[in-house]
Amino acid sequence: MKIAVLGGDGFCGWPAALHLSDLGHDVVIVDNLSRRGIDEELGAESLTPIASVEDRLAGWEEVGGRPMTFVRLDLAQDYPGLVAFLREHTPDAVVHFAEQRSAPYSMKSPGHKRYTVENNTGATHNLLCALVETGLDVHLVHLGTMGVYGYGTAGMAIPEGYLDVEIAADDGSRVEQQILYPSNPGSIYHMTKVLDQQLFAYYAKNDALRITDLHQGIVWGTHTDQTLRDERLINRFDYDGDYGTVLNRFLMQAAVGYPLTVHGTGGQTRAFIHIRDMVRCVQIALENPPATGDRVKIFNQMTQTHRVRDLAELVARISDGEVELVPNPRHEAPENELHVHNETFLDLGLEPTLLEEGLLMEIEDVARRYADRADLEKIPCTSTWTRQQQPGVPASRAAVGAAERTA
């Protein structure tokens, strides 16, 4: 297949592009390099050294990889350029990673909130419009998030996208339907993914676009089989308070002797997936597309759930580290349970990489190897969800009441 990987220079996009290229597909990477610009804005680099796009592509060819093309394009801002790209390259499939992916970053300020909505929703809707305008029969695979469901469950395992409901009709009869599982986003970033899934539902219904939406858990790990072949191919390892995912932050903190910072009680339960499994899931989704006229196919792309404090204690035992509780910048319940259905990927052949199998290697081979690049001042999360959480700002009576109701 000819596959366009949008956002192919990013944390998930780059290893996915390499994996698909390694399978023999013709891969075109499209990116506006905004993530590299955010590094400069935040003054926080990846723990691992990231080569330029040109050096990455050259390195891939030098280790025998199938050549990949790079196109610099801003999907949210350059609609004519996007249409021209699709008409020139006529991909069979498009993998859409081209969105700002950090919940804390999306909550930093009004400007960051607006940027996240305009960038993410604009990119997605421009892509859908462009697919309709060009008339190409393209399978769109989108990287969504488990965060569309919210943090927690209603006493049941979260289904893969759709919920069976029974409605009482006016005549007293009962009508059975399937609806999108009710969304409950926990940040502006997660809200954009909710907007994405509504756009997908509409365009699949109205224009018969073939769409797969991957509701992904938190990604951990650094290496895939391909990124190990040359240091120029190494993937990002973000540890800062805005972009560092919780487990990778713990791994880096353990490597440099910094206390493992657990937000709040650590009672939050999250879904996780290793980056090796992430690229395999993208492959499986591409190999099992919906038919024309089908509704959006939704997979829960996760392999395990863990409570945050349990993760911290596990990493601390492995590394002889210490755990420290710090204030939670998020507006969420201090404790939650999370049960998730993920049978589709397992039935299609995914063999999960479990936490217990890979944590020590990540600490030894990645976090400690590059520990000298760590800036410890970037570890704390300074982005808060509400104004009342900011230091020195008294909480309003309404905010306190809302927090108590959430808990």
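Reader: What makes Glu45 count as buried, partly exposed or exposed?

Author: The residue has a relative accessibility of 55%, and the terms are set so that buried means under 20% relative accessible area, exposed over 50% and partly exposed in between, with a 1.4 Å probe and protein chains only; Glu45 therefore counts as exposed. This is a predicted model, in which local features need pLDDT of at least 70 and side-chain atom pairs count only at pLDDT 80 or more, while totals for chains, interfaces and linings use all residues. Residues are numbered from 1 along each chain as its sequence is written, and side-chain values use heavy atoms, with hydrogens and water left out.

Reader: Why is the contact of Arg373 with Glu45 called a salt bridge?

Author: The term requires a side-chain nitrogen of Lys or Arg within 4 Å of a carboxyl oxygen of Asp or Glu, and the closest N and O atoms of Arg373 and Glu45 are 3.7 Å apart, so the pair qualifies. Because Arg373 lies in the loop between helix 12 and helix 13, and Glu45 in the loop between helix 2 and helix 3, the pair ties together parts that are 328 residues apart in sequence. Arg373, at 31% relative accessibility, counts as partly exposed.

Reader: How do you know that Asp39 and Arg35 are separated by about one helical turn?

Author: They are 4 residues apart in helix 2 (residues 34-42), where a helix is a DSSP run of H or I of at least four residues, a strand is a run of E of at least two, and both are numbered from the N terminus.

Reader: What makes the pair of Arg232 and Glu62 a link between distant parts of the chain?

Author: The two side chains form a salt bridge at 2.9 Å, N to O, and they are 170 residues apart, with Arg232 in the loop between strand 9 and helix 8 and Glu62 in helix 3. Shared partners also join Arg35, Asp39, Arg101, Arg236 and Asp238 into one network of salt bridges.

Reader: Why do strand 9 and strand 13 stand at the edges of their sheet?

Author: Each has a single partner strand, so one side of each is left without a neighbour in the sheet, which is open, with 3 strands in the order 9-11-13 and mixed pairing. Two strands pair if DSSP finds at least two bridges between them, and strand 9 and strand 11 pair in the parallel sense over 3 bridges; His274 in strand 11 is the bridge partner of Trp220.
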